[in-house]
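Here is a briefing on one protein chain. Look over the sequence and the fold before reading on.

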Amino acid sequence: MIDIKMMARKRVANGTGAAIATTGASVTYPQNVDEARHVQQADKATFAEQANKALEANVAARANYANKAQELAEDSTTFSQFLRKDKADTAQKLITFLEGIGLKDGHGITAEGMATLLEAVSANFNEAEQRGFAIHRRADGKYQLSLTDIIVWGKAIFNELELRRLSYVGGNMVFSACGSKVTKVEDKGSTWRCYFRQDDGTTQTQNLWQTDDLARAETFNLKGKANRHYWRRVTSVGQDWIELSKTDCEQGSDAPQVDDALV
């Protein structure tokens, strides 16, 4: 009997052949099985490598987009759609803050509208010119309200109230230890006795006139009546009166009258 060996090749996925041995009617593939497993593992590795490269490419693309966004030109129209946080900016439309506005050092405005501020000053405030308004802290740490008018609908309580009034003098101002307003004039021959109110029911004043004082009265620019002027020596002094000399006086002096202001 003659033994015949037959050699055959089996086509695999990668197109390469592998030898197989046959003996009689039986055929075995010990080498082909191992090679097939190797090929399958190689295919999986190839797929994994390709997937990893695709992922890396996707990440790189996203990073590129991020870099492009970061490198946005200053004159880009995109900036007009967002408020900047790295520099001063202006909002073109109304912005609503649902949770309030926070400022440094604990100041700000809550969502309910309660403001915690250090001072409140109008843009045109000028204390010297009495213009605008301000609630500002003074050097002593206390607060001062400055404004033109105040209207109180209810009760106002002042621990201390200081009233000031702007006034003017059309003639001369004399600062003297004594001064009086004449309420009655009596002719005493060589003198005129001038009375003045010493007690108005609430306040009593002391007569500070002295003998030989020079009493002066003068009016300026009176409409409808002549201006009056006199400067006379005080000859005697009583509790609520003084007497003025008719002869010891400035030349051209007028006679005293009721409502004259003497200084």
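Predicted model: local features only at pLDDT ≥ 70, side-chain atom pairs only at ≥ 80, totals over all residues.

The protein has 263 residues, and 15% of them are buried. Its secondary structure consists of one helix and 15 strands. Contacts between residues 24 or more positions apart make up 38% of those with a separation of 6 or more.

**Largest nonpolar core**

- Twelve residues form the largest nonpolar core. Among them are the aromatic residues Phe 196, Trp 209 and Tyr 230.
- Two cysteines, Cys 178 and Cys 194, belong to this core.
- In soluble globular proteins, nonpolar side chains tend to be buried together.

**The core cysteines**

- Cys 194 lies in strand E11. Cys 194 counts as buried because its relative accessible area is 1%, under the 20% limit.
- Cys 178 is buried too, because its 13% relative accessibility is also under 20%.
- What does Cys 194 contact, leaving aside neighbours within four places in sequence? The partners are Val 182, Lys 184, Asp 240, Trp 241, Ile 242, Leu 244 and Pro 256.
- Cys 194 and Val 237 are 43 residues apart along the chain. Their C-alpha atoms are separated by 9.8 Å.
- How many disulfides does the model contain? The count is zero.

**Largest pocket**

- The largest pocket holds about 1000 Å³ of space.
- Its lining has 21 residues. Gln 130, Leu 145, Ser 146, Leu 147 and Thr 148 lie nearest the pocket centre.
- By residue class, the lining divides into nine nonpolar, six polar and six charged.

**Positive phi in two aspartates**

- Most residues other than glycine have a negative phi, and most peptide bonds are trans.
- Asp 105 has a positive phi, near 60°. Asp 105 sits in the loop between strand E4 (101-102) and strand E5 (108-109).
- Is Asp 105 buried or exposed? Asp 105 is exposed, because its relative accessibility of 65% is over 50%.
- Asp 212 also has a positive phi, of about 80°. Asp 212 is in the loop between E11 and E12.
- Asp 212 is partly exposed, because its relative accessible area of 48% falls between the 20% and 50% limits.

**Leu 117 in its loop**

- Leu 117 is found in the loop between strand E6 (115-116) and strand E7 (120-121). Its relative accessibility is 48%, so Leu 117 counts as partly exposed.
- Beyond neighbours within four places in sequence, Leu 117 is in contact with Leu 103 and His 107.
- Leu 117 and Leu 103 are 14 residues apart in sequence. The C-alpha to C-alpha distance between Leu 117 and Leu 103 is 9.1 Å.

Technical notes:
Residues numbered from 1 in each chain as written. Heavy atoms only, no water. Core = buried A, V, L, I, M, F, W, Y, C linked by side-chain atoms within 4.5 Å. Buried < 20%, exposed > 50% of the residue type's maximum accessible area, 1.4 Å probe, protein only. 1 Å grid on protein atoms, 1.4 Å probe; cavity = no way out; pocket = protein on both sides within 12 Å on 5 of 7 lines; lining within 4 Å. Points joined across faces, edges and corners; volume = space filled by probe spheres on them. Nonpolar A, V, L, I, M, F, W, Y, C, P; charged D, E, K, R; others polar. Disulfide = S-S within 2.5 Å. Helix = DSSP H or I, 4+ residues; strand = E, 2+ residues; numbered from the N terminus. Contact = heavy atoms within 4.5 Å.
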